[in-house]
Structures are given as structure tokens and as C-alpha cells.
Amino acid sequence: MNNSNFWLNSDIKGTLNLLELANTQKAITNFVKILTDKEIPVEFYSNNDGDSMTNGKKITLSSSISANTVDSVVGTALHEATHCKYTNFNELKYLNNTLAPKNLMSGKHTISILLNFIEDRRIDDLVYNEAPGYQGYYRAMYKRYFYSKIVDKSLKGPEYREENWESYIFRIINIFNKNTDLNALAKLQQIYEIIDLKNINRLINTHESLLIAVKIYKYLSDHFASMTPEERKSQVQQNKQNVSSKFPSKEETKKAFNKQENFINGEIHKSSMSKNERQQVEALSKLNIKSKKIKTTDFNGVKRDNIKVHVIDGINKTLINSNLYDIFHISSIYNNTANKGISLGKKLLNKLQIRNEQITLASKRLKTGKIDPRRIYAANFENDLFYKIDKSNYKPISIHLSIDGSGSMQEDNKWKSVLTNTIALGYVSLYMNNIDLNISIRTTGKDPRLSSKTSQIPLLILAFNSKKHTLKDLKNLAYYNPKGLTPEGMCLNTLNEYIPNSSYYLDSYLINMSDGYPTFESRGFIYKGKTALLDTTKAVYNIKKKGVKILSYFINSPTNDYREKELINNFKIMYGKEASFINPDNINEVTKTLNNLFLQKNLIS
């Protein structure tokens, strides 16, 4: 099982889509922050990023990630993050300053490879011991980018046994492979002892890793210089004694070796992403968007358990500006409507202030309770000198106001009327102690996971929560652009988990405002007709089972007059006999109904 299954949807198959990439980016960003205790940007690689090796300031990811490779990508990001935390990049930047005084400039390339190798061992050991939970990601990274079956076989074969730099570099970077032959080269055993992996934590910084790299370089330089051609030839013959007869070709081994060198030098190939895709992923990673699986029935009566609804928590500038689902105006064209809603909300609030008051009842001349000072004079004659104060509050009300945000709501000023009254109620809830209001929008939008413009996804937008949002957040409702279809039952199934149960201490309500049939279609899945009506009915029933009272309003309009009877019957099938029917000009009747509800003297002690 992949380590990423704990936080990434385990049902994902094949290449990750944009939403899954965003969730991966978000998870990796959190891992990096935990590991480094720094805010290091984690971004997807683009064509203009240049070298993919981290520079200590940001971390880049490959955009080509599948369910099978995500662990290795996480491991790579963590490896780069570890460099950000522990590696002194000035040692690499000013390497010439260290090598020039020692006359080692001619060996800079070799020393750089050795330094990268030693530094990788040093920092990876730190993470292995300090954060064992990341070990699985590291193993996946090395398995994908470094370990090779060809190299395993080649280490036992006759290749790379010459006494030269290429052979030593190949053998050194694989010196801890279980197939390593320390007799393959004359000085390999001594190199093994110089590195001393078991005590690699003795190296406390990058400079000490550099000193080990320089020591190995000088040791081997002296070794090469001291050998005559005859001695070198004799040593190679000795190196190749008792080698395996089954081994890969030089070309195969060279290819695997180059991959290992690239990994050590931080030159891992990373697939790039277009600018537009990067912007979408950046927006998705900053938003709180979840993909919820639901059970439903399609037009043909086939039960489906793989349909997903995207749940968006809050409307903010990132969501509006990115317009991921093609359902937002970049500028608010409903500003005047929002302001009217706030004005209406202020008028309502004046009527409702009584709900913020506490009702107090004092009972005197009791035989138990607190002593009443005014009854002390009677202490010698009677014992009813105690009193008690009972305090009662209006019973808290939790209201979830869910609005149909489909394209038909644009007709006959329906959306403007709904928006005005919705914002008015939202304004009231911000200033009332015992009224909690949540506002959601049910709609569809362009699926950001797919390239086709016709690919739609059911959306549940948790637009406002009076417990955590402000007036500014409430005004963001004015940026929403009603469009798309009506995935009624699918969204209500998802909404159920966000509506609290009614109890002695809480009255829970679902207020619905919609104007049409449940309808949805995308990529061969059709949701409409009788099966969609019954699916919505079942979703409503499941909400009612929690003791939630449902007030449902069908917003009729002249456009629907020709099929009014049919619409009324279907609406009552879905929402019950209590369903009400209003026109856009009378939506304030909803507000009046709720106003009366708020003023009911339903008290609890």
C-alpha cells in the first residue's frame, strides 16, 4: 500500500487530475513546513524553471504524477526540503574558493559529485532518524530514481573495474548496495571506511561533507599517480577475478549509471505544466475543496456509487479570480442587490434584538438556595429566607439555507430576489447570539479535472457560515453567476452531513429555494426524470430523519406557467406537503416566515 493512501483518495487510478494534483501539492507543502519549520513554496515544474535542483528557496514537483508514482514524488520533495533545511548552499556556490587554494580546481566536477553524494547521505540520515514517518516516501524515491536491477547485476560483473575515475564514481555511489563488491577496485574498501556510513551523523554540516569529498578525491588522485601502467594493468586483472558470468551490457549499465548521477546532482526529469494549468492548481491548492462520493441512481435506474460532488468551503478572492468552475464573475454585478440585502437585514435585526436578551425569574421565600439578605430579620421566627434565580434563553436555532444556483434562476429576477433576502438573513445571523446560519448553493460547473468544456461536475458551495465568516464573506455571494444544471438529490445527499440534528438544545432547519426539476448530465451519466425525483425525495427523507424541519419554497415565474401543475406535483413529491410556492416578487414572504420563527418564545434553561 502506498503511504499517500492515508491522505490521497485511495480510489485514484492512473494519472492525477488537477484537483488531485492540488491536493498533493497541499499535502507536500504541509510536509515540507513540518520538516523544515519554514514557509517554502512548493510548485509544479514549468518550462522556464531551468534546473530542477532546489536552490534552497523553493521546491518543484513534476506534473506527471500517477497513483503509482506519487510516493516517489513526495519523497523527492522531502529530499529537496531536507536540503533547504540542512545544506549550506554557499558551500556549493563558492566551491571555487575552497578548492583553488588547495590546487584542486581540476577535480571540481568529481569533487562536486562526491560532495553531493556524501551530503545526501548526511541529510537523509537526519530525516530517517528525526522523522521516521517519512521513510516510506524516501524508499519510494530511491527505488524509482536511483536503484536499478541492471546496476545490481552490473556490480557483480566485469564492468567498471578499471582503475580510473569513472569506475570509482560508479562503485562509490553504489557502495552501500547489498551487491557491492569491495574487492572490485583496489581502494574501494578504504573509501568505504572513509565514508563510514554507520557514523555519518558525525558530519554536522555541509562543509564537513565537503572535507570528506576532498579527502576521497585526494586519496584516489594519489593512488592513480603512484601506479605505473603495468601495475594498473595487473590490478585491473586482479579486480576482474571471480566475477559473475551473467551481467548486463556496458551500454545498459552506462544508461542506469547516468540516471544515478543525475539523481545525485539533483537533475531529476520533471514533466512541465502549462502556465494556465499551474494557475488552476495553485488556486485549487489554496482552496478548501473536497470531492465527496455519493450513491445515486441514473436515468436508466442503474444504481451508481462512483459519482462525485465537489464541495467548496467558502467563496474567496482566489476562487473568484481563478473561476475554476466557470461560475463566478470577476467583478460583482450584483453589488446593488447585495447592498439592498444588507439594508433589509438591518431592519430585520431591529425587530429581532429581543432574542439576544436573557429572561430572568427570581423565586423568593424558599427553604433552600441562596440566603436573601432582606429576609435576615426573620431568621429567629421562620426558615424561609432563601431565594433562587432561574435564567432562561431563547432556544438556539441552526438554519441551513440552501439555494438552487442553476441557470434558470437568472430568469424573471429570481436570483436577485433570492440574493437580496439571503444576504438580509445572513446579516441578521452575524449579530444574533443564538441563530446560526449556513448558506449553500447547489449547482454544476466545468470540471477542472477534465479538458472537455462540456464536462460538468455537481457542486455544493458552502458559501457562508455565520460562526466563522464575516460581512465581507457574505458580500462575496454577489460574485456568483447562476448557471449550470440542477443536481438536486446529489447535492442534498452531500449536504446532509453538514446539517446538525435537532435536539432539546437545538432546533435545526433546512430552508430550500429552487425552481425546477433535478437534472444533470455529464460523460454518459444522465440524472433526470422519475429516478432523479425519487432520489431527491430519499435525500430529503434522510435529512428529516435527523429531526430537521424542512421549509421548501418553489420559486415560480411566468416562464413556468404552462407546466405549473406538473411542477407543483413534482415539487411536493420531493419536499412533501409542506412545500410552498411563491413568485420572485414575493420572496420576502420567506423572510417574514423566518422572522416569525425567530421570535417564537421557545425557551430553555
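This tour visits a helix pair and then an open sheet, stop by stop.

The model is predicted; local features need pLDDT of at least 70, side-chain atom pairs count only at pLDDT 80 or more, and totals for chains, interfaces and linings use all residues. Residues are numbered from 1 along each chain as its sequence is written, and side-chain values use heavy atoms, with hydrogens and water left out.

**Stop 1: the helix pair**

Select residues 18-36, helix 1, and residues 70-86, helix 2. Helices (H or I, at least four residues) and strands (E, at least two) are DSSP runs, numbered from the N terminus. The two axes come within 10 Å and cross at roughly 35 degrees. Axes are lines fitted to C-alpha atoms, for helices over the stretch in contact; angles run from 0 to 180 degrees between N-to-C directions. The crossing is right-handed (the near helix is turned clockwise from the far one by less than a right angle).

Now show side chains. On helix 1, pick T24, I28, F31, V32, L35 and T36. They meet V70, V73, V74, A77, L78, A81, T82 and K85 of helix 2. Contact means heavy atoms within 4.5 Å. By class, this contact has 10 nonpolar, 3 polar and 1 charged residues (Ala, Val, Leu, Ile, Met, Phe, Trp, Tyr, Cys and Pro are nonpolar; Asp, Glu, Lys and Arg are charged; the others, Gly among them, are polar).

**Stop 2**

Color the 8 strands of the open sheet in the order 3-4-10-9-8-11-14-15; pairing is mixed. Two strands pair if DSSP finds at least two bridges between them. The edges are strand 3 (289-297) and strand 15 (580-582), each pairing on one side only. From one strand to the next, the twist averages 25 degrees.

**Stop 3**

Zoom to residues 435-446, strand 9. Of its 12 residues, 10 are buried (under 20% relative accessible area, 1.4 Å probe, protein chains only). Strand 8 (residues 397-404) pairs with strand 9 in the parallel sense over 8 bridges. Find S398 opposite D436. Trace the chain from strand 8 through helix 16 (residues 414-430) to strand 9: this β-α-β crossover is right-handed (clockwise from the first strand over the helix to the second, with the strands pointing away from the viewer).

Strand 10 (residues 456-465) runs antiparallel to strand 9, joined by 9 bridges. Here L460 is the bridge partner of R442.

**Stop 4: strand 11 and helix 20**

Select strand 11, residues 507-514; 7 bridges join it in parallel to strand 8. H400 has L510 as its bridge partner. Finish on helix 20 (residues 564-575), which lies across strands 9, 11, 14 (549-555) and 15, at about 160 degrees to strand 14.

Terms used
Buried means under 20% relative accessible area, exposed over 50%, partly exposed in between (1.4 Å probe, protein chains only).
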